[in-house]
Amino acid sequence: MRLKRIDIQECHQQLVLLAIVFDKICNKYHIPYYMLGGTMLGAVRHKGFIPWDDDMDFGIPRPYFKYFLQVAELELPDAYGFYTPLTQRGYVKIQLKNSKIIENTFERLDDDLYSGIAIDVFPLDGADEDSLAGKIHMKIAFALLRFQEGRFCSLSMRKGLKKIVAFLIKQLPVNDVALARFIDKWIQKKDYGKSKSVANFYGHWKEKEVMDKSVFSQSKSYPFEQIQLSGVAAYHVYLTSLYKDYMKLPSVEERITHADEIYVGEPD
């Protein structure tokens with residue numbers, strides 16, 4: 001099997017096929033899900049992918065997340081792999097086998113977990129913004145996640161004092177698997193059913209991804225490229241929290257593609 005380099009449009013085609021599989025599994029087992037982040041923004045602003053985006057993000061409420069992990073492993077077609085990259089994150093990936101993504105953001109990569117065309121599926125957890133205990137819980141969670149991120153991100157992404165701190169973090173004798181398990185256990189301390197807020201703790205936007213639970217109380221079907229996918233009905237509240245003026249296109253310099261190179265396998 002040799003690898004053929006593809007462009008962003010071909011990557012989008014593969015991601016749509018992945019999203020179709022994900023949507024079918026969730027619908028079959030009555031698992032609610034929502035498009036998140038740039039995927040939700042793309043659905044609203046572009047009726048599909050943000051042109052320079054090279055991945056897709058989805059969220060599943062924590063009470064359904066473990067069930068999704070169980071059924072997804074049983075239902076995935078042979079072309080896809082189901083991965084739980086525990087050493088870094090508490091979310092999961094559905095990845096196209098025999099594909100490769102080179103991303104210079106990370107220094108320490110596991111080729112099996114972090115190098116293919118994939119969709120990310122995040123647990124949506126309970127949070128409490130009103131009480132002191134709830135605020136402390138969130139601050140510790142985000143501090144741990146930033147520490148964990150520093151263990152893997154390239155030093156080239158940091159400058160000045162942040163670069164020095166990141167270097168020191170990398171030198172610490174930390175068991176990354178144990179750290180990831182502790183973080184995931186800590187995040188789940190807040191009961192989803194009793195919480196007034198919902199957080200995508202593992203999301204890119206950190207504290208901005210903590211929102212009133214009502215934002216995720218209803219879902220809505222949105223056209224996305226040639227298919228339909230589920231997203232938050234209160235899209236304006238959600239997208240404003242993350243992006244503010246979300247219908248305004250960013251400058252050319254801010255249109256960042258995560259992957260530096262993308263490859264798929266083809267028969268020899």
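Helices and strands are here DSSP runs, helices of at least four residues and strands of at least two, numbered from the N terminus. The model discussed in these points is a predicted one.

1. Lys 244 lies in the loop that joins helix 8 (235-243) to strand 12 (261-266). Although Lys 244 is not a glycine, its phi is positive, at about 60°. The residue counts as exposed, because its relative accessibility is 65% and the cut-off for that class is over 50%.

2. Ser 251 belongs to the loop between helix 8 and strand 12. With a relative accessibility of 31%, Ser 251 is classed as partly exposed. Between the C-alpha atoms of Ser 251 and His 236 the distance in space is 21 Å, for a separation of 15 residues in sequence.

3. A positive phi is also found at Lys 47, a residue other than glycine, where the value is near 55°. Lys 47 sits in the loop between helix 2 (37-45) and strand 3 (56-61).

4. Turning to helix packing, the axes of helix 2 and helix 8 come within 11 Å and cross at roughly 125°, which means that helix 2 is oblique to helix 8. The crossing of these two helices is left-handed. On the side of helix 2 the contact is made by Gly 37, Gly 38, Met 40, Leu 41 and Val 44, and on the side of helix 8 by Tyr 235, Tyr 238, Leu 239, Leu 242 and Tyr 243. By class, the residues of the contact between helix 2 and helix 8 are eight nonpolar and two polar, with no charged residue among them.

5. Helix 1 (residues 8-28) packs on helix 3 (residues 62-75) with an axis separation of 10 Å and an angle of about 120°, and the two are therefore oblique to each other. Helix 1 passes helix 3 in a crossing that is right-handed. Phe 22, Ile 25, Cys 26 and Lys 28 are the contributors from helix 1, and they meet Phe 68, Val 71, Ala 72 and Glu 75 of helix 3. The contact of helix 1 with helix 3 consists of six nonpolar and two charged residues, and no polar ones.

6. What is the disulfide count in this model? The count comes to zero, where a disulfide would need a pair of cysteine sulfur atoms within 2.5 Å. As for individual cysteines, Cys 26 counts as buried at 1% relative accessibility, and Cys 11 is likewise buried, with a relative accessible area of 0%.

7. Lys 66 is placed in helix 3. Is Lys 66 buried or exposed? At a relative accessibility of 61%, Lys 66 counts as exposed. The C-alpha atom of Lys 66 is 9.0 Å from that of Pro 123, and the two residues are 57 positions apart along the chain.

8. Leu 124 is part of strand 7 (residues 118-127). With a relative accessible area of 1%, Leu 124 is buried, because that value is under the 20% cut-off. When neighbours within four places in sequence are left aside, the contacts of Leu 124 are Tyr 34, Leu 36, Gly 59, Ile 60, Pro 61, Arg 62, Tyr 192, Val 198, Ala 199, Asn 200 and Phe 216. The C-alpha atoms of Leu 124 and Tyr 238 are separated by 14 Å, and these residues are 114 apart along the chain.

9. For helix 5 (residues 132-152) and helix 7 (residues 176-187), the axes come within 10 Å and cross at roughly 155°. The two helices are therefore roughly antiparallel to each other, since the angle is over the cut-off of 145 degrees. Helix 5 passes helix 7 in a left-handed crossing. Helix 5 contributes His 137, Ile 140, Ala 141, Leu 144, Leu 145, Phe 147, Gln 148, Arg 151 and Phe 152 to the contact, while Asp 176, Leu 179, Ala 180, Phe 182, Ile 183, Trp 186 and Ile 187 come from helix 7. Divided by class, the contact of helix 5 with helix 7 holds twelve nonpolar, two polar and two charged residues.

How values were computed
Residues are numbered from 1 along each chain as its sequence is written. This is a predicted model: local features need pLDDT of at least 70, side-chain atom pairs count only at pLDDT 80 or more; totals for chains, interfaces and linings use all residues. Side-chain values use heavy atoms; hydrogens and water are left out. Buried means under 20% relative accessible area, exposed over 50%, partly exposed in between (1.4 Å probe, protein chains only). Axes are lines fitted to C-alpha atoms, for helices over the stretch in contact, and angles run from 0 to 180 degrees between N-to-C directions. Angles under 35 degrees count as roughly parallel, over 145 as roughly antiparallel, 65 to 115 as roughly perpendicular and the rest as oblique. A crossing is left-handed if the near helix is turned anticlockwise from the far one by less than a right angle, and right-handed if clockwise. Contact means heavy atoms within 4.5 Å. Ala, Val, Leu, Ile, Met, Phe, Trp, Tyr, Cys and Pro count as nonpolar, Asp, Glu, Lys and Arg as charged, and the others, Gly among them, as polar.
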